[in-house]
Amino acid sequence: MNRGPYIFLGAFALLAFSWTAAILANQLGYGTLTPHYDAMEGKSFPAPQPGIVARGAMVYTDLGCAACHTQQVRRADLGGDLTRGWGERASVARDYLHEKTVQLGHNRIGPDLRNVGARYESPEDFYQLLYAPEQALPGSNMPAYRFLFEESKISGERSKDALDVAVAPGYQVIPTERARSLVAYLSYLEDVYAYPETQYVYPEKEASDDAAAEEEGQ
Amino acid sequence: MDPDSSLPQSPDSRPEWAEIDASIKVPVLFFVYAAAAWLVTATVLGFIASVQLVQPAFLADCAWTTHGRIVPLARNALIYGWGFNAAFAVLIWISARLCRAPAPQWGITLVGALFWNIGVKLGLIGIMIGQSTGHFLMEMPGYAAAVLFVSYGIIGASVAIIYSRRREGNLFVSQWYGLAALFWFPWVFTIGQAALVFGSIRGTGQAITAVWYGHNIYALFLAPIALGAIYYLLPKRLGRPIAGYNWAALGFWSFALFATFGGLAYLAGSPVPGWVQALGVSSNFMMLVPLVVIGYNFLGTMLGGTPAGGSGPALRFIKFGAIAFLVAGLMIKVFSVPQIYVTTQLTFVNEAMNQMHWYAFVSMSFIGAIYFIVPRLATHAWPSGALITAHFWSSVAGVVIVVASLVLAGIAQGGAINDVEAYPLFADISAHYSGYLVGAALGFLTLLVGQLAFLVNILMAIYQACFGGRVTDPTPLFPQPPVLEVNS
């Protein structure tokens with residue numbers, strides 16, 4: 001019996017089904033999700049990415065940071081993300097609306113970075129980590145990204161952007177444009193806003209406090 | 001090609017095979033050579049990546065060789081370099097032999113093959129100089145993807161023409177897998193590229209599309225062709241029909257249906273809709289159906305009642321691949337249990353499962369098929385039996401060491417990440433599992449030894465095929481089991 005056409009049609013139907021279920025259904029389901037406008041604050045969340053942040057996200061992509069870092073804070077019942085202080089709440093789909101390339105990541109060789117902007121206050125901390133991770137975090141297995149910095153001879157005054165690192169006398173280390181963008185992006189990663197869905201889908205401490213307060217009010 | 005009178009009068013040397021073999025000889029041997037060279041490249045890159053995990057300063061000072069670029073380079077070289085070239089060789093051979101039809105114009109297929117390899121090189125250079133798209137297994141920049149797509153069109157069309165010319169009406173199970181994979185890959189590729197590289201889906205829909213694509217490159221292209229190779233070679237080399245052949249159709253359709261959603265399980269716990277996570281995890285459990293059916297076909301054939309008729313180097317690799325397929329299927333179920341994936345998700349266990357699927361199952365099956373195909377096309381025995389033995393044992397040892405080290409590393413890593421009190425600092429966590437990563441690096445080195453032996457053997461075989469002159473005595477090489485070329 002010539003089964004060729006049946007195999008072809010069956011294979012086509014199967015792939016169409018797979019595509020419909022996995023991709024099309026999601027696109028229809030939440031592909032049109034929009035940022036949340038908070039009338040009280042007069043701003044929408046997540047905040048739009050300024051140009052330097054968008055460029056930094058591209059540096060993050062091209063250096064392959066996602067090989068070792070995830071960008072997803074998991075729920076309290078799935079591991080120790082929240083106790084580790086990687087976020088105030090679990091990540092939700094809306095957090096990623098402005099990311100050109102969403103990189104959730106597959107392996108946590110380093111810590112999760114979805115909220116890293118909330119954990120490090122100054123850009124200097126990030127520069128130190130990128131230039132000499134072993135000094136900034138003893139025992140760290142992160143490679144140094146020296147190629148994101150320029151070592152130059154001090155002519156006249158030391159640059160105000162120069163890093164506070166050990167370097168030969170008369171020399172200074174200055175972050176390149178790529179390093180500045182990358183650090184601007186990392187500082188931008190700060191998912192602290194409580195969307196309506198963060199309270200209901202992932203009930204946490206704050207949400208239950210709110211609920212308790214409401215009940216008291218009634 | 002001149003059918004030599006010294007060949008035994010077995011089905012392999014019927015005059016029509018000579019015509020078929022002549023029509024596919026050059027492109028298939030080219031694919032085999034390119035595949036083996038990529039395999040060595042991929043393993044060298046994998047070794048560098050695993051050394052960098054233990055020695056972060058290794059090759060870290062240059063952006064081109066930073067760890068975040070070496071990892072996708074190794075992965076893409078393994079899949080698109082080794083995996084696809086080997087898959088093309090196996091697919092063309094199986095299609096031509098089982099359809100009993102010659103391929104059209106081998107020169108055109110060869111052009112497709114050359115451009116495929118140019119596309120892979122362009123893509124890897126793109127990743128190296130910082131043009132990665134950042135999506136799993138789709139890291140190659142768009143221009144390289146376009147070259148791959150067009151070359152696949154040429155290669156795929158020549159396989160499709162073989163099917164359209166077939167003289168054998170019945171389609172054997174290997175041909176179902178081959179025919180379906182032939183069409184699935186371009187569809188999956190188009191969907192993935194259109195959604196992520198050339199178009200843009202917003203938000204975490206990107207992550208869903210990326211895992212769907214990445215897993216389906218395995219589930220709807222590499223795995224079907226590897227399964228087809230096992231279905232083809234097991235009965236042929238053992239001299240027994242497939243046990244429970246009538247069930248094979250159920251295995252085929254259920255494998256495709258459930259495996260296609262398996263990738264979504266990587267997103268369990270991620271910020272994507274809950275039903276997507278449930279679909280992925282439950283598909284991994286439903287894979288029990290094809291696993292039982294295909295397992296019955298494979299194990300039943302291997303352990304069948306009648307004494308085995310054949311042997312040879314191909315059989316050892318094929319048996320290993322068949323068993324690895326079943327073991328991988330059971331492992332994925334274990335790691336899909338919620339109480340377990342709480343620990344093992346987002347750890348080296350993911351990488352271990354990739355190695356299990358891509359290397360232990362798919363690659364070992366392809367290698368087995370290549371050991372079967374090349375001597376028949378070259379009409380020469382493999383130049384060195386010792387190199388084959390070295391390749392087999394170093395592959396077995398290497399893949400077991402790599403997978404075991406990565407699983408142990410992942411369990412230690414996931415346990416430590418979730419235990420905040422005992423491991424408050426990330427440096428403590430990496431110190432906790434780095435010993436296992438040394439094991440993984442040694443495993444890659446072990447694999448590399450065998451693959452170099454493989455490459456040397458292939459180069460010598462191709463040299464013999466081109467300049468070897470008369471056919472050497474092929475009798476020990478072609479112990480013929482009863483003909484099982486097409487379904488009975």
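Me: How many helices and strands are there in chain B of this predicted model?
Reply: In this predicted model, chain B has 14 helices and zero strands. The C-alpha trace of chain B spans about 75 × 45 × 45 Å along its principal axes.

Me: What do the radius of gyration and the elements of chain A show?
Reply: Chain A has eight helices and four strands, in the order α-β-β-α-α-α-α-β-β-α-α-α from the N terminus on. The radius of gyration of chain A is 23 Å, whereas a compact globule of 218 residues would have one near 17 Å. Along its principal axes, the C-alpha trace of chain A spans about 80 × 70 × 35 Å.

Me: Which share of the residues is buried in chain A, and which in chain B?
Reply: In soluble globular proteins, nonpolar side chains tend to be buried together. Here, 58% of the 488 residues of chain B count as buried, and buried residues make up 38% of the 218 residues in chain A. As to contacts with a separation of 6 or more, residues 24 or more positions apart account for 85% of those in chain B and 68% of those in chain A.

Me: Which residues touch the most other members of the largest nonpolar core?
Reply: They are B:A89 and B:V90, in a core of 216 residues. Helix 6 of chain B gives the most to this core, with 23 residues. Leaving aside residues up to four places away in sequence, B:V90 touches B:I225, B:A229, B:F366 and B:A369. Another core, of five residues, lies apart from the largest one and includes B:A416, B:Y423, B:F426 and B:I429.

Me: How many residues does each chain bring to the contact between the two?
Reply: The size of an interface is often given as the accessible area lost when the parts come together. Counted in residues, the contact takes 62 from chain A and 67 from chain B. Helix 5 of chain B gives the most to the side of chain B that touches chain A, with eight residues. The residues on that side divide into 40 nonpolar, 22 polar and five charged. For the complex, the predictor gives an ipTM of 0.90 and a pTM of 0.91.

Me: Where in chain B is the pLDDT below 50?
Reply: Where pLDDT is low, the predicted coordinates should not be read in detail. The mean pLDDT of chain B is 89, and 91% of its residues reach 70 or more. Over residues 1–11 of chain B, however, the pLDDT is below 50, and this stretch has 22 contacts in the model beyond near neighbours in sequence. Residues 472–488 of chain B also stay under 50, with 41 contacts beyond four places in sequence.

Conventions. Residues are numbered from 1 along each chain as its sequence is written. Chains are lettered from A and ligands numbered from 1 in the order in which they are written. Helices (H or I, at least four residues) and strands (E, at least two) are DSSP runs, numbered from the N terminus. The radius of gyration is taken over C-alpha atoms; the globule rule is 2.2 Å times the number of residues to the power 0.38. A residue is buried if 20 or more other C-beta atoms lie within 10 Å of its own, exposed if 12 or fewer, and partly exposed in between; C-beta atoms are placed from the backbone. Two residues are in contact if their C-beta atoms, placed from the backbone, lie within 7 Å. Ala, Val, Leu, Ile, Met, Phe, Trp, Tyr, Cys and Pro count as nonpolar, Asp, Glu, Lys and Arg as charged, and the others, Gly among them, as polar. A nonpolar core is a set of buried Ala, Val, Leu, Ile, Met, Phe, Trp, Tyr and Cys residues joined through C-beta atoms within 7 Å. pLDDT is the predictor's confidence in each residue, from 0 to 100.
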